[in-house]
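Hi,

Here is the structure I promised to send over. Have a look at it first, and then read on for my notes on the rings.

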Amino acid sequence: MRRFPLLTLIAQRIALGVLLLWAVSVLIFVGTMILPGDVAQAILGQAATEQALHNLRLELGLYDPPHIRYLDWLWGVLQGDLGQSLTNRADIATSIGRRLSNTLFLAACAAIVAVPLALLLGLLAVRYQGRWPDRVISGTTLTAISLPEFFIGYLLIYFVAVQLGWFPSFSTVHAGMTLGQRLEAIALPVATLTLVVLAHMMRMTRAAILNVMQSPYIETAELKGLRRFDIIRRHALPNAVAPIVNVVTINLAYLIVGVVVVEVIFVYPGMGQYLVDHVARRDVPVIQATALIFAAVYIGLNLVADIVSILANPRLRHPR
Amino acid sequence: MRMPLTAAIGLVVTVTILAAAILAPWVAPYGQGQIVGVVWGERSPEFLLGTDNLGRDILSRLIWGAQTTLLIAGLATALAFTLGSILGFFAAVWGGWVDMGLSRMIDLLMSIPTLIFALVILSVVPSTIPLLIVVMGVLDSTRVFRLSRAVAADIAVMDYVEAARLRGEGRAWIVFREILPNALAPLVAELGLRFIFAVLFLSSLSFLGLGVQPPDADWGSMVRENREGIVFGVPAALLPAGAIAALAISVNLVADWALKRTASLRGARGV
C-alpha cells in the first residue's frame, strides 16, 4: 500500500469504475420497471386480452420477484448473453456486434479529425488572445455550441449532398464495401459530429491553457524574455496536458451520445439507430442491453480521463 | 458598461420568439393542425414560409410550436432549479451522511449519459407533456444540484450563517433566508444555459420521435415530420431547426453578457 501509492490510486479508481458500472446496471434495470402497469401491458397496449398478457408475463419471467430477474439478467450479461429481442426474436448480442463496430468506426473517424483541430485552434486562440483570431474563434464556437445536431446535419445534406452532389445524403454501409467507399459514405456524419464536438473541445482547451498561463512561473518566463510561442510550448503545455486530456476524453464521451442523433439523421446502421428504433417499439431487453453498453463506454472514457490525470499530475502521485 | 451589439440582438430575438409564443392565437395566420395548401408548397404571399408535409402553413406551425417548445423547456428548467437548488442547499447545510448520500446518488445519475437515460425511461412511460417535463426536469436537476451545493458550501461557513445557527434558527431558515439570497447571482447566470440545454434536449427527443407526440407539435417534431423533403430539395425541415438554433444562440449571447457583467462587477480578472 505505502510502496506503490500510484498503483493503489489507479486500482482504487478502477474498482470505483466497476462499482459504478454495477450500480448503473441496477439503475437501468429499475428504470425499465417504474412504469404504471408492467412491461407486458406496455408492449401489448391497453386492448390486450388477459390471456395474451399472462402468456407474455410468463415468457418474460415477470412472475419472478424483481431481484431474481435482475440477477438472471446480470448473469446472462456477464456471460455475453444479452437476451432476445421481443419484437423480432433475434439474439441481441449478434445484432449488436456489427452495429457496435459501425458506431465505433464513425466515432473514431470524427475523433481523429476533431481532436487535433480543436487543440490547434485552442492554441491559436491563446496565442492571439484578445485579438481578432481569438475573437473570431471564440465567437464562432459560442454560436456552434447552440446548434442542434440535426440543424448542422440537414444543412450539410441540403447544401453539400443535394445541391452540390458531392457526397451521398444517407450513409448506407454494408459488409462488402472497401475502406474508401466507407469513408465516402460517412463523410457527412463525421463532419457533423466534428462540428458539434469541436466547439466544446476548443473552448475547454482554451480555458485550460489560459488557466495555466496565469501562473507565476509563466510570468517569470515572460520576464526572462522568452518568445511567447516558446513559453506556451515549453512551460504551459506540459502543465496543461492533464486538463487537456480531461477535456478530450469528456468530449469523446459526449461524442458517443451525439452519435445517437447523428445516426438517425443519416440513417446509419449503428447502435444509436438500433436503440431509438427499439425504444419506439418498447423492446425492453434491447433497450437494457444497448443502454448498458452506452453507459459502459461512457464510464470507461471517464475512467481513462481520471487515470491519465493521475499519471500526469505529480501532486496526485504523493497524496499526503 | 454598455450592452454590446451581440447581446442586444440576442435579447431582441429572444423577446420576439417569446412574444410570438404567448400571442400565438392572435398572430398565427392559420390554426395549428389546419390543412390549407398543397404538400410542401412554395413560398407565397399567402403562405410566407411555404407549407409542410401535410399542406399546413409552416409559419403558423412555427408560432404554435414555439408555444409548446418554450412551455415544456421553461417548466422543465423551473423544476430542475427548484429541485436541484433546494436539495443542493440542504446537502451543504446538513453535511454528514445526508450530503454524502445525496452527492453519491447524483454522481450515479450523472454517470449515465442524459439522453440515454431519458430514452430508457421513455421506453416504458408514455411521452405525455407532463411526464416529459418531469423526466427532463429531474435529469437536469443533477447539474443544478452540483452547482448550488458548491456555492452553498462556500456560503455555509460564513460568519452570518454561523450567527444564525447560534441564534438557534432552524435549517429551513438558514437555507431560505441566509443562503438563498446570497447564492442567487451565480444560479441566475446558470439559468439561461440550462434553459438552452432544455430546449436542445427536448428538440432532440422530439426529433427522435420520443418527445412531443402528434397532433401537438414542437420544433423538434416539425423537423422530424419534414425531414424526408430534404433529399428532394425541399428545405422545410431547415426552418424549425433554424428556429431552435436562433433561439439557442440568442439566449446564449444574452447569458454570456450577463455572466461577464456579474464577473466584472465582482472585480474578477477579465479573460
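Let's start with a charge over a ring: Arg171(B) has its charged end sitting over the ring of Trp94(B), 3.9 Å from the ring's centre. Keep in mind that this is a predicted model. There's another such contact in chain B, where the charged end of Arg177(B) sits over the ring of Trp173(B), at 4.6 Å from its centre.

Now for rings against rings. Searching the whole structure turns up 6 aromatic pairs over all chains. One of them is Phe29(A) with Tyr70(A), an edge-to-face pair with 5.4 Å centre to centre and 70° between the planes. Phe29(A) belongs to helix H1 (residues 5–31) of chain A and Tyr70(A) to helix H4 (residues 66–78) of chain A, so this pair ties together parts that are 41 residues apart in sequence. Both partners are tucked away from solvent by the numbers: Phe29(A) is buried at 8% relative accessibility, and Tyr70(A) is buried with a relative accessible area of 10%.

Over in chain B, the ring centres of Phe197(B) and Phe201(B) are 5.8 Å apart and the planes meet at 15°; that is under 30 degrees, so the pair counts as stacked. Here both residues sit in helix H8 (residues 171–207) of chain B, 4 residues apart, or about one turn of the helix. Phe197(B) is partly exposed, at 28% relative accessible area, while Phe201(B) is buried at 8%.

And which residues do ring pairs link into a cluster? Phe150(A), Tyr154(A) and Phe207(B).

Cheers

Definitions and conventions:
Residues are numbered from 1 along each chain as its sequence is written. Chains are lettered from A and ligands numbered from 1 in the order in which they are written. This is a predicted model: local features need pLDDT of at least 70, side-chain atom pairs count only at pLDDT 80 or more; totals for chains, interfaces and linings use all residues. Side-chain values use heavy atoms; hydrogens and water are left out. Rings of Phe, Tyr and Trp (its six-membered ring) pair if their centres lie within 6.5 Å; planes under 30 degrees apart count as stacked, over 60 as edge-to-face and the rest as tilted. Helices (H or I, at least four residues) and strands (E, at least two) are DSSP runs, numbered from the N terminus. Buried means under 20% relative accessible area, exposed over 50%, partly exposed in between (1.4 Å probe, protein chains only). A charge sits over a ring if NZ of Lys or CZ of Arg is within 6 Å of the ring centre and within 35 degrees of the ring normal.
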